[in-house]
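Please open the structure in your viewer and keep the selection tool at hand. The tour moves from one selection to the next and says what is to be found at each stop.

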Amino acid sequence: MEMLAERGRRVTVEELNTTKLLAHARRQAVQRKYDNMLIVDCDAHHYENENYDQILPFMENDVLRQLSIGGRALGRRGLVPSQAGFTQDMGGRVTRYPLRSTEKTEPGRIRDVQLGERWMDAMGVDYSCLFPTGMLNIGLHPQKEMEADLCWAYNRWLTEKVLPESNGRFFSALCLPFSDPEQSLRHVETFGHRKGVTGFMVTTVRNIQVNDNALMKVYRAMEERDLSLSFHSGPNWSEPVFRACNRFLSVHALGFSFYNILHCTNWVINGMGERFPKLPVIWIEAGLAWIPFLMQRLDHEYMMRPSEAPVLKKKPSDYMRDMYYSTQPIEIQDREAMECTFRMMNAETQLLYASDYPHWDFDLPSTIYDLPFLSEKAKHNILGGTAARIFKLLPRNDKQRENLKKFGNLAA
Amino acid sequence: MPEKFVAKAAELKDGDRRIIFDGDNEVGVFRYGDQYYAYSNFCLHQGGPACEGLTIARVEEPLNPDKTSRGLAFSSTDMNFVCPWHGYEYDIKTGECISDRRLKLRTYKVVQKGDDVFVVT
């Protein structure tokens with residue numbers, strides 16, 4: 001395949017082979033004996049837009065389904081809001097983006113499952129929580145009925161076609177149509193018990209208040225079912241404040257943290273941790289540097305203005321330490337700052353490894369395993385033990401069982 | 001020091017590269033202009049195949065005397081190679097990471113003997 005480099009120069013690049021591309025990851029996995037420890041990736045992705053032919057027939061509403069499928073035939077492919085300027089591939093520098101369509105898979109099996117097995121096997125990952133890509137923008141859809149129907153179709157396809165074919169290695173926190181609390185509740189009631197469903201995911205690129213009374217029944221339904229609630233962040237160049245940014249780097253660096261900061265603030269200050277103490281809440285893909293920042297900001301304000309957060313019985317940072325956070329994209333440039341962050345958030349019990357593969361800024365398990373300030377227990381917990389406990393994932397061999405038991409993470 | 005055969009000189013045209021395997025080690029050998037350059041194929045970031053991605057000119061943003069930007073442009077002199085995992089860019093002439101030139105890939109010597117090109121590992 002030819003790719004355009006600079007000044008019109010074309011370079012020939014071989015077809016993509018995930019196993020070959022990640023050969024160095026496999027080497028790390030062997031060197032570090034990852035087979036002995038359960039590794040759970042709590043945030044991996046696929047490109048669901050490449051499966052619309054299979055997904056869209058699951059839409060319930062005849063008119064919306066016809067609009068979606070018929071529109072695609074006419075070349076109107078934008079079912080979910082997309083954003084100009086989003087060049088994750090950096091002009092082809094991250095080659096797996098432009099080459100993705102060249103990768104060969106076996107006929108008769110779902111392609112995304114096969115690709116997932118390749119990257120999991122290369123990295124030494126045992127289980128991955130599978131999330132969509134384009135639908136992370138579903139919260140920007142102007143029609144809440146379309147948001148609900150697209151989530152419904154995706155969730156049916158994922159739970160009826162994809163997860164069953166993955167031999168249990170993929171699980172998911174399904175997309176919630178968060179703009180519609182009634183539909184969100186229906187999703188929890190319908191899909192919450194299905195195999196491979198460990199909870200539900202809210203895309204945080206949206207401006208809904210997570211403390212809205214209309215949403216309490218949704219959280220309660222999840223808590224009653226022993227499910228988890230994830231908030232998955234993202235960037236949004238169309239957000240008025242980010243219109244001031246002129247580079248993707250800037251929007252990406254700020255946006256992922258911004259939306260989790262926004263919704264985590266409302267979650268904490270409105271005492272959601274008091275209201276739903278048994279609901280595991282996970283904040284995904286915002287990095288880690290925002291966590292000590294927000295802890296300090298909220299504690300500082302709360303000490304002076306407790307009358308505005310009367311439901312709280314302890315400091316905001318204490319509630320933040322009750323919740324969980326995914327590692328990726330881990331900010332690795334200042335080791336001492338990272339160590340401070342780990343201490344402030346009780347990383348040993350609250351941090352969950354995530355790769356975000358195949359997205360451009362993915363992290364390998366070595367980003368955790370190689371940290372010199374972590375104890376053996378902390379490494380096992382972060383890389384998979386804590387996730388195994390939350391999501392009730394079983395070991396895949398005897399050594400993993402032994403280690404899960406050793407560190408108190410073996411699911412009953 | 002052991003030498004590993006890379007290629008016949010005539011086979012390595014300007015812009016070509018080879019990845020040489022020496023036990024567990026991997027070395028990327030580039031032909032750029034009239035010179036050969038060789039670096040460790042393990043990215044300093046997360047260990048990706050640093051020498052196996054695109055080669056692409058460094059992006060510059062020239063400024064006018066009044067400090068206004070003239071926009072983005074490709075360098076006419078500086079060439080980089082890019083780790084395909086995450087986009088870390090390295091100067092093809094030095095192996096330095098252009099985002100932080102204190103970071104530098106291990107460099108290997110390349111020798112030509114007759115028509116044969118070798119990398120000294």
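Two strands pair if DSSP finds at least two bridges between them, and strands (E, at least two residues) and helices (H or I, at least four residues) are DSSP runs numbered from the N terminus. This is a predicted model, in which local features need pLDDT of at least 70 and side-chain atom pairs count only at pLDDT 80 or more, while totals for chains, interfaces and linings use all residues. Residues are numbered from 1 along each chain as its sequence is written, and chains are lettered from A and ligands numbered from 1 in the order in which they are written.

Select residues 107–113 and 116–120 of chain B, strands β8 and β9, which pair in the antiparallel sense over five bridges. B:Gln112 faces B:Val117 across this pair, and in the hairpin, with two residues between the strands, B:Gly114 has a positive phi near 65°.

Next, select the contact between the chains, where two residues count as touching if their C-beta atoms, placed from the backbone, lie within 7 Å. Chain A gives 18 residues and chain B gives 15 residues. On the side of chain A, the elements giving two or more residues are α2 (23–31) and α15 (366–369).

Finally, within chain A, select α6 (residues 144–165) and α7 (residues 181–191), where A:Ala148, A:Cys151, A:Asn155 and A:Thr159 of α6(A) meet A:Gln183, A:His187 and A:Phe191 of α7(A).
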